[in-house]
Amino acid sequence: MTPASPAKVPATGFALPAPAKLNLLLHITGRRADGYHDLQTLFVLLDHGDTLHFRPHDALTLTCDRPDPPVDEHNLVLRAARLLQQATGCRQGAALHLEKRLPAGGGVGGGSSDAATALLGLNHLWGLDLSLDRLAALGLQLGADVPVFVHGRNAWAEGVGERLQAVDLPPQWFLVVNPGVAVSTARIFSDGELTRHTPAITLPASLGAATFEALLNQGHNDCEAVARRLFPPVDQALEWLQREAGNARMTGTGACCFARLAGAQAARDLQRRLPENWTAFVARSTELSPLHEALATLRAKEHPGPASYDDAT
Ligand SMILES: C[C@@](CO)(OP(=O)(O)O)[C@H](O)COP(=O)(O)OP(=O)(O)OC[C@H]1O[C@@H](n2ccc(N)nc2=O)[C@H](O)[C@@H]1O
Ligand SMILES: Nc1ncnc2c1ncn2[C@@H]1O[C@H](COP(=O)(O)OP(=O)(O)O)[C@@H](O)[C@H]1O
């Protein structure tokens, strides 16, 4: 690969967000020959998540403010960094530090989002200029959810989540409850009682407020029944949210569950009534990922003048 032009490589460090996602609905429409499941899902990106710090450094290192997840070679941040080095032949290093806020195995995509932030942040730090499509294809090798975080738009997803169609959604407020258990995605997908043949639906041509509500009412999460059975705290969280707010749903393969609220105040009021031993966060869905917003700000600071970079495509 062509070495990066030194003028484009940032001399100092920076920090970028790794936002959470919710699956507002998740339908399993079939099982493929390779054992993976075909899905239809509606992803929204939230204004709450982890933060990844980047600093130029000789070697590639990762630290974390918490013991979990371990900062070993399995960590998705390091795996993303190594994949990017391999794909481009880049030999630069970086000192990475992860501020972990999202629960692992929570269905809010923390690991996948960390990986996407590592890909975009190192692409910037190392001056690689890879397109979002290229970064998303690399990300897909790390996990089915990485591409949506790379593209940074709320999206309707099909296939295993890699066929993405960006959608404009009205902003929403959520209370996201973490029932305190980690759910293995593989465990849910291998369960004998999982519903695997929900008929595929057609995404409405435009998602105004009324069609959006109709889509959500028509939708559900096929993983919920299995997660409720295997993990009683998930069942309890869904019951509590349904009683208190209505419209309770699980995200991804669990464990987190959420309800949509009328606004920030309603979400915070409900959070104050949360039963002891559970944690929860209030978040708003964003049109453009906080990661992409932060990258645009960073570029504007480093290279004042008209924007020319293609990352927002
Ligand atoms: C189903 C979703 C919805 O967002 O659940 P969450 O993980 O977010 O809860 C994701 O697409 C998950 O994506 P991700 O967490 O990246 O899963 P992967 O690491 O790719 O897959 C873990 C394992 O789950 C199974 N798997 C995953 C995705 C899929 N469409 N079909 C599957 O059967 C496979 O056994 C795979 O080995
Ligand atoms: N940086 C990371 N943050 C969170 N989990 C990670 C990370 N790197 C690897 N993992 C592993 O990925 C798995 C899935 O984590 P995560 O993406 O947070 O869950 P989910 O897909 O349910 O939202 C966890 O079991 C964890 O061990």
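## The shell around ligand 2

In this predicted model, helices α1 and α2 each contribute at least two residues to the shell around ligand 2. The largest share, four residues, is supplied by α2.

The shell around ligand 2 numbers 17 residues, of which Leu76, Ala104, Gly110, Gly111 and Asp114 come nearest. Sorted by class, the residues of this shell are five nonpolar, eleven polar and one charged.

## Helix α1

Helix α1 runs over residues 76-88 and has 13 residues. From its first C-alpha to its last, α1 reaches 18 Å, close to the 18 Å expected at 1.5 Å a residue. Just after α1, Gly89 adopts a positive phi of about 75°.

Leu76, Val77, Ala80, Ala81, Leu83, Leu84 and Thr88 are the buried residues of α1. These residues lie on the same side of α1, because they cover an arc of only 160° around the axis. Leu76, one of the buried residues of α1, is also among the residues that come nearest to ligand 2.

## Packing partners of α1

The buried residues of α1 pack against both strands and helices. The strands are β2 (37-57), β3 (60-64) and β4 (93-99), and the helices are α2 (110-125) and α3 (132-140).

## The annotated C-terminal region

An unreviewed UniProt entry lists residues 211-278 as "domain: GHMP kinase C-terminal". Over these residues the chain is 56% helix and 10% strand. The end C-alpha atoms of residues 211-278 are 33 Å apart.

How values were computed. Residues numbered from 1 in each chain as written. Chains lettered and ligands numbered in written order. Predicted model: local features only at pLDDT ≥ 70, side-chain atom pairs only at ≥ 80, totals over all residues. UniProt positions renumbered as here; feature names shortened; annotations may be inferred. Expected span 1.5 Å × (residues − 1). Buried ≥ 20, exposed ≤ 12 C-beta atoms within 10 Å, placed from the backbone. Arc of directions from axis to C-beta. Contact = placed C-beta atoms within 7 Å. Near = placed C-beta within 6 Å. Nonpolar A, V, L, I, M, F, W, Y, C, P; charged D, E, K, R; others polar.
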